[in-house]
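Work through the two exercises below with the sequence and the structure open. Each task is followed by a solution in steps.

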Amino acid sequence: MDKFVIRGGRRLSGVVAAQGSKNACLPMMAAALLAEGVTTLRNVPRLADIETMADVLRSLGATAEWEGPHELAIDTTSVERYVAPYDVVRRMRASIAVLGPLLARFRRAEVSLPGGCAFGPRPVDLHIKAVKELGAKVDLRGGYIVAQAPALKGKRVNMTGPAGPSRGATANLMMAAALAEGVTVIENAAREPEVADLVNMLRAMGAQVDGGGSSEITVAGVEHLKPCEYEVMNDQIEAATYLIAGAITGGDVAVEGADAGYLSLFDERLAAAGVTVEAGGDGIRVRGSLPVAPLEIRTAPFPGFPTDLQPQMTALLSLASGRSVIVEGIYPDRFNHAPELGRLGAHVEVTPPTAVVNGVHRLYGAYVMASDLRAGAALVLAGLAAEGETNVRRIYHIDRGYERMEDKLMSLGASVERAQEE
Ligand code: EPZ
């Protein structure tokens, strides 16, 4: 397994470009199953999770080939299987995005229940509810969701979950509804821009979908869809992670492709912490000055503060001039990074769903271990600011969602080396 060896204390400066969005792209890859033929996605990030979804599609009989550094061609002509196997799905929970498309195309789907997750339970009850509402019969057998639908009929479906809307279930419902009979109205749909991007791709395939980005999405089912070419939006979580790298090192970093609309609340919070934030046409630039001011942050579904930026912000606030309070409105247990930040000298006290961060003057390098994608990113950020050497272990978690993180950080002046773990 690989680790990052980081020599901290350097101010980062320069410009990096955002990658394509992992969380927009994954459901789009599943959506390719809705049509027979070759769908080509552009601006696709080179990530482990993308390769995993490609393996899921291949296990169904599709092909997925790189036609360029960030261009992926998915040929679904010879898809005839509808079982997404455990040994692939367990690698990535987002594989469940094939449920809706398989039902829509084959009226059958067998998708392994995803495994657990590093930051608490992540149920799939809303995904099952979504397809049941359209008429699917669903059984849980041997760790698999076994669904069959002689017909899929559109109807009004409320996607309210305990933490608000579900992005994945909204995507599955939309994709199943696209080939159902009649009209489906999704109430309390997820409003994330990644969901709106999927709506735009489905429309490019001939689907009749409206309301992307709003809490009510309407889908008028059609007979069939056609393959398409589509350019994936940029990854705003990755972009914001590099902006925080600029802030936490007191540097001057710009990210091309960062979207001030998507990141408006994030930018407001950074500015409230005393970071200079400039949003321009082609990106966002930050200039950091430490210590940052303490903040109160509550994560929530879009347009609230993204939970996927919570660990990274916790790292930044560990160097604030006072006490910050962070409340997780989505995943109450998403604080695995807290004890690891503690090993670097941070003071983060967690009583789920709340973390209280008492800022310190300095962080000091240590061995720490990534437990999930964004927790790993938080540890890298803290290591960039810490005095001395930080070893971040198990960075395969980071490789799931960040393309060439060490190269991008080194281009900004950081000292980050990928090495074999002892
Ligand atoms: C997406 O996961 C993202 N992943 C996650 O990003 C992100 O953390 C999450 O949304 C929340 O924003 C992808 O898009 C691939 P949800 P998803 O269904 O779709 C509950 C990353 O770091 N829920 O919107 O699985 C759930 O427990 C990853 O890139 C149910 O109760 O999230 C959570 O509290 C990590 N039942 C809330 O809804 C369900 O059936 C939001 O989950 C489904 C979800």
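The model is predicted.

**Exercise 1. The ligand shell**

Task: Find which residues come nearest to the ligand, and describe the shell around the ligand.

Solution: 

Step 1. The shell holds 23 residues, and D125, L126, S166, R167 and D308 come nearest.

Step 2. Look at the polar atoms. D125 places a polar side-chain atom 2.7 Å from a nitrogen atom of the ligand. N23 has a polar side-chain atom 3.0 Å from a ligand oxygen atom. For R167, a backbone N or O atom lies 2.7 Å from an oxygen atom of the ligand. On its own the ligand has 820 Å² of accessible area, of which the protein covers 90%.

Step 3. Sort the shell by class: ten residues are nonpolar, five are polar and eight are charged.

Step 4. Assign the shell to elements. At least two residues come from each of α1 (22-31), α5 (125-133), α6 (167-177) and α12 (373-385). The largest share, three residues, belongs to α5.

Step 5. Assign the shell to domains. Domain 1 (2-18 + 234-420) and domain 2 (22-231) each give at least three residues.

**Exercise 2. The strands around β17**

Task: How do β15 and β16 run relative to β17, parallel or antiparallel?

Solution: 

Step 1. β15 (residues 252-256) and β17 (residues 283-287) run antiparallel and are joined by five bridges. Within this pairing, V255 has I284 as its bridge partner.

Step 2. β16 (residues 276-280) also runs antiparallel to β17, again with five bridges. Here V277 stands opposite V286.

Definitions and conventions:
Residues numbered from 1 in each chain as written. Predicted model: local features only at pLDDT ≥ 70, side-chain atom pairs only at ≥ 80, totals over all residues. Heavy atoms only, no water. Near = heavy atom within 4 Å. Polar contact = N/O pair within 3.5 Å; in protein donor to acceptor, adjacent residues only side chain to side chain. Areas by Shrake-Rupley, 256 points an atom, 1.4 Å probe, with all protein chains shown as cover. Helix = DSSP H or I, 4+ residues; strand = E, 2+ residues; numbered from the N terminus. Nonpolar A, V, L, I, M, F, W, Y, C, P; charged D, E, K, R; others polar. Domains from an automatic or database assignment. Pairing = 2+ DSSP bridges.
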